[in-house]
Amino acid sequence: HPKLEPILRKTHGVVLFQEQVIEMAMVIAGFTPGEADHLRRVMSSRKREDEMQGLGRLFIRKAVERGVEKKVAKTIYSYMESYASYGFCEAHAAAFGITAYKTAYLVRHYPAAFYAAILNCGPMGYYSANSICTEARRRGLIILPLDIHQSGARFRVEGGGIRIGLSQVKNIREEVVEQILQSRPFESFDDYLRRTRINRRVTEHLILSGAFKSLERNRRKLLWLLLGQSPPAELEDFSILEKLQWEQKTLGIAVGGHLMSYYRDGLREYVLTVAGAKAGRSGARVWIAGMPIGIHRPPTRSGKTVVFLSLEDETGLIDVTVFPQTYQTYGHILFNSNSVPLLIQGRLQRRGEGVSMIAERLRPLTVS
């Protein structure tokens with residue numbers, strides 16, 4: 001219909017935005033702005049089918065009264081009805097578009113400042129601090145460890161890298177962070193204990209996160225000193241993997257690199273990286289190991305439980321769907337993983353450039 005041309009020109013004839021539905025109802029059927037917005041709201045709700053049918057009959061009747069052929073009015077309404085159920089607010093689309101453009105610019109030209117800012121706003125959205133740091137590393141940035149002398153209160157840019165802030169330590173309060181900042185530098189770990197009087201649990205977290213490396217590299221030795229005991233002369237420090245695991249628990253970030261890179265050598269050849277899996281064909285059955293990210297089970301129309309998550313390793317992320325039959329068998333593993341890596345077998349599903357996985361078997365990853 002010629003009256004639709006100015007409304008749909010910018011979207012090439014496709015009803016895409018909710019505002020277009022409102023304009024079409026006003027121009028074709030003579031709805032008032034309030035009536036048109038009510039139609040838009042009803043169309044957006046799947047639970048109001050009867051009301052939508054009634055509004056459809058009203059739309060067609062009023063359109064015919066305004067000289068639109070009945071067949072044409074029905075066709076127009078069918079297009080509106082089809083698109084409005086997932087149509088998007090144009091103002092929101094514009095805001096997201098501008099945000100995406102600015103984000104791309106910042107990532108390209110000021111990546112360290114961008115990721116530091118994102119980390120300081122956390123927790124936010126879907127991704128953990130560790131996932132954001134992993135992505136920053138993939139873009140060539142260095143994540144500088146927590147340091148009792150070098151770290152500020154928050155994440156900050158330092159020499160082109162990102163220095164972890166003291167506030168990232170588990171259970172640490174703002175006043176404790178300020179006490180550390182005001183009391184440093186410390187001549188030794190004993191000097192820290194004498195002059196700060198910070199509770200043992202927070203100090204333990206600082207030790208396990210590697211904050212005292214500039215004073216003493218052996219974290220196990222520091223734990224003995226914290227307990228007021230003299231450590232044995234040959235006290236062995238934690239292994240690299242143990243240090244990463246403790247950093248993950250106390251900071252939410254494995255500072256020395258992604259945990260999966262240290263599991264990789266102990267995995268069977270058939271266990272693919274995320275990048276390797278994404279190169280596979282659609283329908284292929286593969287094994288992938290990684291850290292579970294963002295596990296959630298949204299409500300479904302059927303009432304059955306479907307779980308969505310991402311699996312992350314040192315090469316990237318892949319979305320995983322766990323359908324009811326698989327969930328009944330392995331659900332207890334998913335929601336009791338406690339940041340333990342998972343080994344998942346499933347089928348790859350390719351849609352355009354995107355690759356995801358339908359899970360079939362899950363188990364905690366253990367590597368001797």
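Select Arg197 first. Arg197 sits in the loop between helix 10 and helix 11 (200-208). Its phi is positive, about 55°, although Arg197 is not a glycine. Helices here are DSSP runs of H or I with at least four residues, strands are runs of E with at least two, and both are numbered from the N terminus.

The model is a predicted one, in which local features need pLDDT of at least 70 and side-chain atom pairs count only at pLDDT 80 or more, while totals for chains, interfaces and linings use all residues. Residues are numbered from 1 along each chain as its sequence is written, and side-chain values use heavy atoms, with hydrogens and water left out.

Remain in the loop between helix 10 and helix 11 and select Asn199, which lies there. Asn199 counts as partly exposed, at 37% relative accessibility. Which backbone nitrogen does the side chain of Asn199 reach at 2.9 Å? That of Val202; the backbone nitrogen of Arg201 is reached at 3.0 Å. These are polar contacts, meaning pairs of N or O atoms within 3.5 Å; within protein, one atom must be able to donate a hydrogen and the other to accept it, and residues adjacent in sequence count only if both atoms are side-chain atoms.

Next, select Asn218, in the loop between helix 11 and helix 12. Is Asn218 buried or exposed? Its relative accessibility is 13%, so Asn218 counts as buried. A polar atom of the Asn218 side chain lies 3.1 Å from the backbone nitrogen of Arg220, and the side chain reaches the backbone nitrogen of Lys221 at 3.0 Å. Leaving out residues up to four places away in sequence, Asn218 touches Leu235, Glu236 and Asp237; contact means heavy atoms within 4.5 Å.

Two further backbone features deserve a stop. Pro185 is joined to Arg184 by a cis peptide bond, with omega about 10°, and lies in the loop between helix 9 (174-183) and helix 10 (189-196). His12, in the loop between helix 1 (5-8) and helix 2 (18-29), has a positive phi of about 55° although it is not a glycine. His12 counts as exposed, at 74% relative accessibility.

Turn now to the interior. A nonpolar core is a set of buried Ala, Val, Leu, Ile, Met, Phe, Trp, Tyr and Cys residues joined through side-chain atoms within 4.5 Å. The largest such core has 40 residues, and Tyr115, Leu146, Ile162, Ile164, Ile180, Leu206 and Phe212 touch the most other members. Helix 7 (111-120) provides the largest share of this core, five residues. Within helix 7, the buried residues are Ala112, Phe114, Tyr115, Ala116 and Leu119. The buried residues of helix 7 pack against helix 6 (90-109), helix 8, strand 2 (156-158) and strand 3 (161-163).

Select Leu206 and display its surroundings. Neighbours within four places in sequence aside, Leu206 is in contact with Leu146, Leu166, Val169, Ile180, Tyr192, Ala211 and Phe212. Apart from this core lies another, of 25 residues, including Met24, Ala29, Ala36 and Met80.

Select helix 2 and helix 4 (residues 49-65) together. Their axes come within 8 Å and cross at roughly 45°. Helix 2 is therefore oblique to helix 4. The axes are lines fitted to C-alpha atoms, for helices over the stretch in contact, with angles from 0 to 180 degrees between N-to-C directions; angles under 35 degrees count as roughly parallel, over 145 as roughly antiparallel, 65 to 115 as roughly perpendicular and the rest as oblique. Met24, Ala25, Ile28 and Ala29 in helix 2 meet Phe59, Lys62 and Ala63 in helix 4.

Finally, select Met43 in helix 3 (residues 33-43). Met43 has a relative accessible area of 3% and is therefore buried. The C-alpha atoms of Met43 and Glu81 are separated by 6.4 Å, although the two residues are 38 residues apart along the chain.

Technical notes:
Buried < 20%, exposed > 50% of the residue type's maximum accessible area, 1.4 Å probe, protein only.
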